[in-house]
Amino acid sequence: MAKTQDLKPDTILKNYWNDNEQFADFFNAVLFEGKRVIKPDDLEDIDTEESSVLEHRNYAESIQASRDNIKICKRSNDYGVNLFMLGLESQEHIHYAMPLWVMGYDYGIYKKQYDQNARKYKSSDGLEQDEYLSRMKKTDKFIPVITVVVYYGLKPWDGATSLYGMLDIPDEMKRFINDYKTILVEAKQNRLTFHNTSNIDFFSLLKIVLDINISKSEAKERFIEYAQKHNVDRSVIMTVAGATNLKLDYNALSKKGDFDVNTLFEEIAKENRSKGRAEGKSEGIIETGLDLGLSEKDILTRLQDKLDISLKQAQAYLNQFGKQPV
């Protein structure tokens, strides 16, 4: 088996959120402030043949193919069973048309439900004229869908989170134009309340990896420190690695815990060996910047860009090598 593996974010995240415990905990955190309203046992994979809602497997598979993760939630109450669909979309990059995509995803599900429902009415028997023309009885109802987008990128999300954000409309016209809102979660800066241990560790590690205020080397050290301290499950580490395109040495991972600090990351040994060379390069960059009369801010920017280091580390190099000879 290869020592290192490159995990495709879409695949690894779909596998992670397929777990009903983690899926339910996530939606409870997003929709109900952590209250355990949705139970794992309430959830059913949408491609289950025996589903009382989805009568044709092709219908279920067509929905599954267009969404990252989607499940049916069945909640019993005094009046029967409430049904709704929960969709989760994983996003690695900012998508400036995201509200339009979410609207399209949701419309697709409603349209498939309508088509499924309409097949029952092949003749006008028992239908009023308007019902037959609509291919839908006045009493027919569809299953509602809730879609949440999780953004795993480094940059803060600066795209629209509603259809209004994509439209150029004067305020006085807004009341005539329907909006469509997107429920967006930024992995690196959410304040969600989780109860599931895997979700707690997953988002805690994401905040470390996606912190742009520290260097990659420092992020990896903090990553390993957290993983050791909290005995993080191997599958969670693999999911974080897949979501953020980290390259791990999987031979350094046991099934749970027990990490080799020096070998977990493929690049960590190389970074340790190159630390001395980075100091040498930084001295040259600083000397050149001073000779050219660049400002301290410009020199710090050059250090960060050329050496891929944090502002804090760049400032340390500037303090160390930036003194002009008397």
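A residue counts as buried under 20% relative accessible area, as exposed over 50%, and as partly exposed in between. The legends below use these words for single residues of a predicted model.

**Figure 1. I177 in the loop between β5 and β6 of the predicted model.** The loop that holds I177 runs between β5 (145-151) and β6 (183-186). I177 has a relative accessibility of 29% and therefore counts as partly exposed. Which residues does I177 touch, leaving aside those up to four places away in sequence? They are Y164, L167 and I169. Y164 is 13 residues from I177 along the chain, and the C-alpha atoms of the two are separated by 8.6 Å.

**Figure 2. The whole chain, for orientation.** The chain contains 11 helices and seven strands. Of its 326 residues, 42% are buried. Among the contacts with a separation of 6 or more, 61% are between residues 24 or more positions apart.

**Figure 3. Helix α6 against helix α8.** Two packed helices are described by the angle between their axes and the distance between the axes. Helix α6 covers residues 197-209 and helix α8 covers residues 234-244. Their axes come within 10 Å and cross at roughly 40°. Because of this angle, α6 is oblique to α8. The crossing of the two helices is right-handed. On the α6 side, the contact is made by S198, D201, F202, L205, L206 and V209. On the α8 side, these residues meet V236, T239, V240, A243 and T244. By class, the residues of the contact of α6 with α8 are seven nonpolar, three polar and one charged.

**Figure 4. Helix α6 against helix α7.** Helix α7 is made of residues 216-229. The axes of α6 and α7 come within 9 Å, and they cross at roughly 160°. Are the two helices roughly parallel or roughly antiparallel? An angle over 145 degrees counts as roughly antiparallel, so α6 and α7 are roughly antiparallel to each other. The crossing of α6 with α7 is right-handed. From α6, the contact includes I200, D201, S204, L205, I208 and V209. From α7, it includes A219, R222, F223 and Y226. The contact of α6 with α7 has seven nonpolar residues, one polar residue and two charged residues.

**Figure 5. Helix α2 against helix α6.** Helix α2 spans residues 20-32. The axes of α2 and α6 are 9 Å apart, and the packing angle is about 65°. What does this angle make of the pair? Angles of 65 to 115 degrees count as roughly perpendicular, and α2 and α6 are therefore roughly perpendicular to each other. The crossing of α2 and α6 is right-handed. In the contact, Q22, D25 and F26 of α2 meet S198, N199 and F203 of α6. Two of the residues in the contact of α2 with α6 are nonpolar, three are polar and one is charged.

**Figure 6. E33 in the loop between α2 and β2.** The loop that holds E33 lies between α2 and β2 (43-45). E33 is not a glycine, yet its phi is positive, at about 55°. Is E33 buried or exposed? Its relative accessibility is 67%, so E33 counts as exposed.

**Figure 7. R135 in the loop between α5 and β5.** R135 lies in the loop that joins α5 (129-134) and β5. The phi of R135 is near 55°, which is a positive value in a residue other than glycine. With a relative accessibility of 27%, R135 counts as partly exposed.

**Figure 8. Q320 in helix α11.** Helix α11 consists of residues 311-321, and Q320 lies in it. The relative accessible area of Q320 is 47%, so this residue is partly exposed. How far apart in space are Q320 and S282, C-alpha to C-alpha? The distance between them is 9.8 Å, although Q320 and S282 are 38 residues apart in sequence.

Methods
Residues numbered from 1 in each chain as written. Predicted model: local features only at pLDDT ≥ 70, side-chain atom pairs only at ≥ 80, totals over all residues. Heavy atoms only, no water. Axes fitted to C-alpha atoms, helices over the stretch in contact; angles between N-to-C directions. Helix = DSSP H or I, 4+ residues; strand = E, 2+ residues; numbered from the N terminus. Parallel < 35°, antiparallel > 145°, perpendicular 65-115°, else oblique. Left-handed = near helix turned anticlockwise from the far one by under 90°. Contact = heavy atoms within 4.5 Å. Nonpolar A, V, L, I, M, F, W, Y, C, P; charged D, E, K, R; others polar. Buried < 20%, exposed > 50% of the residue type's maximum accessible area, 1.4 Å probe, protein only.
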